[in-house]
Amino acid sequence: METKNMAEEIIETDVLVIGGGPAGLMAAINAGEQGANVVLVDKANTQRSGSGATGNDHFRAYIPEFHGSDMDPIVKEIAQSQAGWTRPMSFVRTWMEKSFEIVKMWDSWGIPMKYNGKWEFAGHTFPGRPFTALKYSGKDQKPILTKEAKKRGVKIINRVAAFELISDGRIHGAVGVHARDDKIYTFLARAVILSTGGCVRLYPGPTPGWMFNRADSPHTTGDGRAMAYRAGAELINMEMPMRWAGPKYFARCGKATWVGVLRDPNDKPVGPFVTKPDRLYGDPISDSYKEVFEDYTKTGKGPVYMDCRGISEEDYEYMIHWMKHEGLHSIVNHLKEERIDLKKNPVEFMTYEMTTRGGVYFNENGETSMEGLYAAGDEYFGGISAASTFGWIAGGNAASFIAGKSAPDAGAGKAGATAVKSLVEEIRNRKNGASWQEFNVALQQVMYDYAGIPRSDTLLKAGFSHLLKVKQKAYKEMRANNQHELIHCLEVFNLLSVAEIIFAAVSERKETREKFTRIDYPYKNPVFNDKILICKKGDNGPVTEWRELKG
Amino acid sequence: MPPIINEEKCTRCGICVDLCPQDVFFGSEEKKTPQIAYPEECWHCNACVLDCPALGAIRLRTPIPMLLCHR
């Protein structure tokens, strides 16, 4: 086998954006508009990358023409249903204040934010509560945002996975690896914005033998969280679990786009909110109780079906229309091919696997704990609207930040690139070893068995020790036949970093609260009220710290 | 396994290769029918079908483990 040597390229810019979803593209657009030189790097292609690849149809927003002049009820509803107690009210307020501006911007760029000429709110809503989810036609959101970024001079570099941040307390850029060619990139930048999305492939999915069957894009592997952690930035509430639910076994988000009633096998609704298909609400029981499907199955009462029987022809067309904007094209095609008629056939739903709800700590200015490092979007869960709003804010603030800042340290860049180069060349040139799949599967089983549903001190200790063994072996034995496999190897390193943080944070939260459970501490500990759990890199692995939630 | 390309209809424009988020077409060569190197990594986002300029040149097949359960 020939020896692989990576070619190198150095690219200098003002602002580097890592990840080209709604958050990253909006950040790049605003930073470009402020006159900054912007490079956006995406490990796929910004036209169709990430979980919003082929669309979304819900956008949390406060629209004065729809809601009236009082924003407070909407802020309160968002705080209660979305941000929970993990975000200060100032964050939610900024989000809602800005949301209408973003909505108008998107609409003017050609992402239709109105339906039949009106603001349409439906889904993700409980009868009697305020509507917060604006329906929008997001099928082409990514190509449109890409076009807008290019118009503002943003240089988009596709198929490059950023892998390490360059920092010495201050940020100097990042090192990336090409997903197709044998090439390493050093990006020198005065400010960096992380926007790489969520953390998929951390726990086993619905089909363990089919790793890419996932509700969210399996290409989003916590890269931003891992990079931030390894560079010394703070992460927040990584112990908090998040689970989605949707059709069984075709894993896909977007349950609020379905217009039906969730019923047990005897046709009894499993929730109290709707008794017949209603396009305004869908069935919001699965918003507040995503585990309902798993719990019904475990207790022998399942399965639970999404039952659209009784839907009007008009509402059926409405549902299918929105499915095509929510990125459910393949589900719509599959229904047609298998002759599954939602007007007649209830479809089984399931609770999907766990991931972390926590992520990179960033405030309402998009600032992380590290000077010059910004983050937005699902670096810390928020959804499309939060992603685009805080992406926009982070981009604007990064562009202001760079004024008067000295050039990034090329020496630090060189050192960073050398380290990544030697790691990836080792992986590519290793003749014997194990594939990325072996390590990803090993990681998933540790997460499921030791940091999954039953969480306790003894399990966490045993699991963490095994995880470290897997990690050690990964650095010594993982091998890749080509750049495609190499990127998966790097993703596994990132997932291993994220896993370590989760173990540390879960061990620290000795209580049971909301969706977070510890079987050895089955009660809420009021000492932790109004506190957030920070995790960062210490000398011997992750260290944690409790902090007051302010604002 | 997904995706499936109809060689007669495919114009070898390379758009699907360019766009696929999972890069299932890794290793494909320009002006040749895309090679499906990593079919098991398809996420069924449907980008290749949506953005293909030649109607019917590409489709996605649902793998058997992903068949919807229904009654």
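This report walks through the domains, cores, sheet and chain contacts of a predicted model.

## Domains of chain A

The domain assignment of chain A gives three stretches to look for: domain 1 (57–137), domain 2 (244–354) and domain 3 (431–543). If you take the C-alpha centres of domain 1 and domain 3 of chain A, they lie 34 Å apart.

## The nonpolar cores

Now look inside. The largest nonpolar core holds 135 residues, and the members that touch the most others are Val15(A), Val192(A) and Ile193(A). Helix H15 (residues 483–508) of chain A supplies the largest share of this core, with 16 residues. Where does this core lie in relation to domain 1 and domain 3 of chain A? Both domain 1 (57–137) and domain 3 (431–543) give residues to the core, so it lies between them.

Leaving aside residues up to four places away in sequence, Val15(A) touches Ala31(A), Ala36(A), Val38(A), Ala189(A), Ala191(A), Ile193(A), Ala398(A), Ala399(A) and Ile402(A). There is also a second, separate core, made of 34 residues. Among them are Trp244(A), Val274(A), Met319(A) and Leu342(A).

Next, find the strands. Strands of a sheet pair through backbone hydrogen bonds, and the pairing can be parallel or antiparallel. In chain A, 4 strands form an open sheet in the order S10-S13-S12-S11, with antiparallel pairing. Which strands stand at the edges? They are strand S10 (241–247) and strand S11 (261–263) of chain A; each has a single partner strand, so one side of each is left without a neighbour in the sheet. On average, neighbouring strands of this sheet are turned by 40° against each other, direction ignored.

You can follow one pairing in detail. Strand S12 (residues 304–307) of chain A pairs with S13(A) over 3 bridges, in the antiparallel sense. Met306(A), for example, has Val347(A) in S13(A) as its bridge partner.

## Where chain A meets chain B

Finally, turn to the neighbouring chain. On the chain A side, 34 residues are in contact with 26 residues of chain B. Two elements of chain A give two or more residues to this side: helix H10 (329–337) and strand S13 (347–356). H10(A) gives the most, with 3 residues.

What kinds of residues make up the side of chain A that touches chain B? They divide into 12 nonpolar, 16 polar and 6 charged.

Notes:
Residues are numbered from 1 along each chain as its sequence is written. Chains are lettered from A and ligands numbered from 1 in the order in which they are written. This is a predicted model: local features need pLDDT of at least 70, side-chain atom pairs count only at pLDDT 80 or more; totals for chains, interfaces and linings use all residues. A nonpolar core is a set of buried Ala, Val, Leu, Ile, Met, Phe, Trp, Tyr and Cys residues joined through C-beta atoms within 7 Å. A residue is buried if 20 or more other C-beta atoms lie within 10 Å of its own, exposed if 12 or fewer, and partly exposed in between; C-beta atoms are placed from the backbone. Domain bounds come from an automatic or database domain assignment. Two residues are in contact if their C-beta atoms, placed from the backbone, lie within 7 Å. Ala, Val, Leu, Ile, Met, Phe, Trp, Tyr, Cys and Pro count as nonpolar, Asp, Glu, Lys and Arg as charged, and the others, Gly among them, as polar. Two strands pair if DSSP finds at least two bridges between them. Axes are lines fitted to C-alpha atoms, for helices over the stretch in contact, and angles run from 0 to 180 degrees between N-to-C directions.
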